[in-house]
Amino acid sequence: MDYLRGGDLRYYICRHNRMSEAKVKFIVTNILLALKYIHSKHIIHRDLKPENLVFDSKGYLHLTDFGISHQYK
């Protein structure tokens, strides 16, 4: 398991009252790509929230906490 030192999305949103449109697009794209990937592996996360989205040292988001996820098919 990798150590993700960037903090979670909730912390980031609380620290930055305003974000540029480009930053919001980047964050949303990261979330959509993560969901597309896990859905391609037939996994439903079922606990998507800012606390479960964590930044790595390069600024990319990673989806965490698959405790109540479900694999279908």
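**Getting to know this predicted model**

Trainee: Leaving aside residues up to four places away in sequence, which residues does Asn 52 touch?

Mentor: Good place to start, and keep in mind that this is a predicted model. Asn 52 is found in the loop between β1 and β2. Not counting residues up to four places away in sequence, the residues that Asn 52 touches are His 45, Asp 47, His 62, Leu 63, Thr 64 and Asp 65.

Trainee: Is Asn 52 buried or exposed?

Mentor: Look at the relative accessibility of Asn 52, which is 5%. Buried means under 20% relative accessible area. Asn 52 therefore counts as buried.

Trainee: How far is the backbone oxygen of Asp 47 from a polar atom of the Asn 52 side chain?

Mentor: Asp 47 is among the residues that Asn 52 touches. Between the backbone oxygen of Asp 47 and a polar atom of the Asn 52 side chain, the distance is 2.7 Å.

Trainee: Which residue forms a salt bridge with Asp 47?

Mentor: In that salt bridge, the closest N and O atoms are 3.8 Å apart. The cut-off for a salt bridge is 4 Å, so this pair counts.

Trainee: How many salt bridges does a search of the whole structure find?

Mentor: A search of the whole structure gives a total of 3.

Trainee: How many residues apart in sequence are the parts that Arg 10 and Glu 51 tie together?

Mentor: Arg 10 lies in helix α1 and Glu 51 in the loop between β1 and β2, so the pair ties together parts whose separation in residues is 41.

Trainee: Which element gives the most to the largest nonpolar core?

Mentor: The largest nonpolar core has 11 residues, including Leu 9, Ile 27, Phe 55 and Leu 63. At least two residues of this core come from each of α1, α2, β2 and β3. With 5 residues, the element that gives the most is α2.

Trainee: Which residues does Ile 27 touch, not counting those up to four places away in sequence?

Mentor: Ile 27 is one of the residues in the largest nonpolar core. Leaving out residues up to four places away in sequence, Ile 27 touches Leu 9, Tyr 12, Met 19, Phe 55 and Leu 61.

Trainee: How far apart are the C-alpha atoms of Ser 57 and Ile 43?

Mentor: Ser 57 lies in the loop between β2 and β3 and counts as exposed at 60% relative accessibility. Along the chain, Ser 57 and Ile 43 are 14 residues apart. Their C-alpha atoms are separated by 26 Å.

Terms used
Residues are numbered from 1 along each chain as its sequence is written. This is a predicted model: local features need pLDDT of at least 70, side-chain atom pairs count only at pLDDT 80 or more; totals for chains, interfaces and linings use all residues. Side-chain values use heavy atoms; hydrogens and water are left out. A salt bridge is a side-chain nitrogen of Lys or Arg within 4 Å of a carboxyl oxygen of Asp or Glu. Helices (H or I, at least four residues) and strands (E, at least two) are DSSP runs, numbered from the N terminus. Buried means under 20% relative accessible area, exposed over 50%, partly exposed in between (1.4 Å probe, protein chains only). A nonpolar core is a set of buried Ala, Val, Leu, Ile, Met, Phe, Trp, Tyr and Cys residues joined through side-chain atoms within 4.5 Å. Contact means heavy atoms within 4.5 Å. A polar contact is a pair of N or O atoms within 3.5 Å; within protein, one must be able to donate a hydrogen and the other to accept it, and residues adjacent in sequence count only if both atoms are side-chain atoms.
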